[in-house]
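Me: I am new to this structure and would like to go through it by question and answer. Please take it slowly, one topic at a time.

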Amino acid sequence: MDKEKEDGTRKVHKVWKHLTYTLGIFCLVLVIVIAVIIVMMINRKESDDILECYGLPASGAIDLTEPDFPHVFHDLTRKEIQTILHFMFSQKELNLTDPEETTIASNYIYSVELILPEKKDVIQPYPETRVKRQAMVTVFHGGKANPDIREYYVDITTSSPQLTLSRKPVPFSFRPYSFPEYDIASKILKEELERNVGDILKESFDGSFTNCGNKCLGYFWSVPYPAKTAGIREKDYRGFWYPLMQLKEPVHLHPVDFIVLLRMDGTSKPKTSAVWYNNKLFDSLQSFKEKWNNGEVNKIRVDFPTSHTHHEVFPEYPQRPPIEVEPDGKRYTIKDKMVTYMNWNFKFGISPTHGPQLYQIKFKDTMIVYEMGLQEACVFYSSTRPDGMFTNFFDSVEMLGRSIRSLVPGVDCPGHATFVDSVFMLEFSREPVTKKNAICIFEHNTGIPLRRHHAPYEPPSGYYEGTPSIVLILRMIANVGNYEYIFDFIFYQNGAFETKVTSTGNIISSALISDRKYGFQVNDQSIGMIHHHLFHFKVDLDIGDSINSYTTYNIESDSVSNQFSSETNPKKWFQEKIVQMNYATEREAAYKYNFSSPKYHVVYTEDEAHKDKFGNRKGYRILHRGMSKSLLPEGFGNEPSASWMRYQMVITKRKESEPYSSSKYATFNGDQPIVDFEDFIGDENIQGEDLVAWITLGLHHIPHTEDLPVVQTPGTDVSFLLLPFNFFHEDPSIGIRDNVRIHYSKTENPRKSLLVKRHTKTEDLNCLPPKTYSIEDLTADPEDFIDRQN
């Protein structure tokens, strides 16, 4: 009995022992959980107490509302465009057609854009007089017996706008692309080809125009074929080559060897003309079909592509990339499309025809540039096929400004950027159209010092001094057909200003039948065609004031006697010297780059009061980082429409009659350019005058397999810089808020007390990064970003 009792007691103790262990473990876990919860609550409270960076006091104020009374450089506001359209439609003699009912044979408004007032009125406005704002309204008069294009000036400053003809009418065949023309061309091509050769296209290219499922054929671009290029003298002639494609993303990489020439003469119904198939030209669609039926055509077969040209492979545990943060808020302000940043201030806008424009660029309240902006972008291709051979695009034909697209935060611009909308008039709408997020402005750490010097052995104790290169960037991206052009305007804190263009997008390819001397095969069915990009910019320099001169400091070889040599007859010593060259006329200053003659290009003020204490004239240097030579013979084809590409830079006397170096008619006006830049270059004096620099940037592109599916940006950028040249008594960035200086104390032990002097502590982030505009936000208004397909 005692033994049983003892065993029972032992069992009870054993149970209690297990229970004690279990309870102890439970209590320990509970304590850990409670501790974790407490820590999380503390951290959460601490984070709740930290404000977003934008919640802290900041100097930058961002006001993106449209002003009631815009300054003379401000883009046309929504209200102004509405006023202009209402006024134009009230002019009954114009017989304008409503946008929804326009055809090629209609009178309709094609574009509306701001016209700048004369410079003298802006710089020295008349007392108590508001400088008037004018718009140019382009009307296609297709409804007239003799169709033409007319440009009207509309004064929008007064309560009763006035209408005046800006210049003589432009030939109707010179008109740029338009929606009514595109619509009718697409309809005619689709109907005629499906009806006449639909079976042939199905047999040859494994697809069709209608009921095609995922094997559709179609047209995604066209190649202008001007009268001069075609060798046709008919006044109303207007032609386009339409290359057929298998509509597989990206479409520009899936061409087939079938191209149709479409004539769109005058206002008559477009009609098909010549046909190209399998490296052979046929007079007409009917001729091609007859020869096919008679067995006289060498047939080809191209299966519809099935493979993807992009990959959707993402890592299972992706790490987020670094982001930039503005810990104390914006360091720039924006109001009425005017920006103030550190010592800079400027105005910006978009010309519907020409694209990005900047005005009155000042540094430390001193004018550097009165006006600067893109004039034209061109690309010239080469091929044996007509679509490549004649692809000489003047991008103003698609209206460069209206081609600027919405920007994607985190990719096109950093998430902390300020995004600005733009407002345009488009011919298919009677109301202004808003391009969301067309412009972005942001500060950026370039990751390289603006300057630095480490002098550990200089007396009294050695030192280091440096400044990170923090810049302000204004960016726009134009999507012209297959290509995207990224336009950056970069403001450095030392008074330097850079204009940069970077190319990306899809290459245009040609069917494999093309001659391999024009490119490399890049996929199973196409060749990437060699092409040449060219960009032209206007820079109206006002270095200190409007009266400037141009000079070059040529770097030449210099041979001198070597008196320090111990030889009896010492040889000459060769080094370099500076030789200043002044240029009296525009023609003398027209510049074609010569590697054997390096030089500095400098525009300087003539004002004696602006000389420094050493007698140096204050100026700005033009540093060209995009030299590219056009190989087209002068006067060949439509080359006269871009005669500016003959030169890398031209300096001219500023004239109100020469506002732009190109026009939206450049594609089709090869015989008689509406704007002939060669006429800008004459015998005008350029010493002590108001000067304009016309700068050409360019690069050749030989496509290769790595350009698929989208061309990468490394190596595709070109730029030019405006750099201070004896303009300041020293580097103007000395003393800016981002400077860092390190040295030993002069009063204490010089080897123990290292002093770090700076205005800001960049590693002390006492605020949370703000919730910025993100890619996900695009889904709120998707059609502002990508038009929904019908």
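Me: Leaving out residues up to four places away in sequence, which residues does His74 touch?
Reply: In this predicted model, His74 sits in the loop between strand S1 (62–63) and helix H2 (78–90). Not counting residues up to four places away in sequence, the residues that His74 touches are Pro67, Leu114, Arg133, Asp336 and Lys337.

Me: Is His74 buried or exposed?
Reply: The relative accessibility of His74 is 4%, and the cut-off for burial is under 20% relative accessible area. His74 therefore counts as buried.

Me: Which residues have the most contacts inside the largest nonpolar core?
Reply: The largest nonpolar core has 121 residues, and its largest share, 8 residues, comes from helix H4 (residues 179–205). One of the residues with the most contacts inside this core is Phe348, which, leaving aside neighbours within four places in sequence, is in contact with residues including Ile334, Met338, Val420 and Leu474.

Me: What is the separation between the C-alpha atoms of Phe363 and Met342?
Reply: Phe363 belongs to strand S16 (residues 355–363), and it is buried because its relative accessible area is 1%. Beyond four places in sequence, the residues it touches include Asn343, Trp344, Tyr492 and Phe728. Phe363 and Met342 are 21 residues apart along the chain, yet the separation of their C-alpha atoms is 8.9 Å.

Me: How many residues of strand S4 (residues 148–155) are buried?
Reply: Strand S3 (residues 134–141) is joined to S4 by 8 bridges and runs antiparallel to it, while S4 also pairs in the antiparallel sense with strand S6 (residues 170–171) over 2 bridges. A further 3 bridges join S4 to strand S5 (residues 163–165), again antiparallel. S4 is largely enclosed by the rest of the structure, because the buried residues number 6 of the 8.

Me: Which residue in S4 is the bridge partner of His141?
Reply: S3 and S4 form a hairpin with 6 residues between them. Within S4, the bridge partner of His141 is Asp148.

How values were computed: Residues numbered from 1 in each chain as written. Predicted model: local features only at pLDDT ≥ 70, side-chain atom pairs only at ≥ 80, totals over all residues. Heavy atoms only, no water. Core = buried A, V, L, I, M, F, W, Y, C linked by side-chain atoms within 4.5 Å. Buried < 20%, exposed > 50% of the residue type's maximum accessible area, 1.4 Å probe, protein only. Helix = DSSP H or I, 4+ residues; strand = E, 2+ residues; numbered from the N terminus. Contact = heavy atoms within 4.5 Å. Pairing = 2+ DSSP bridges.
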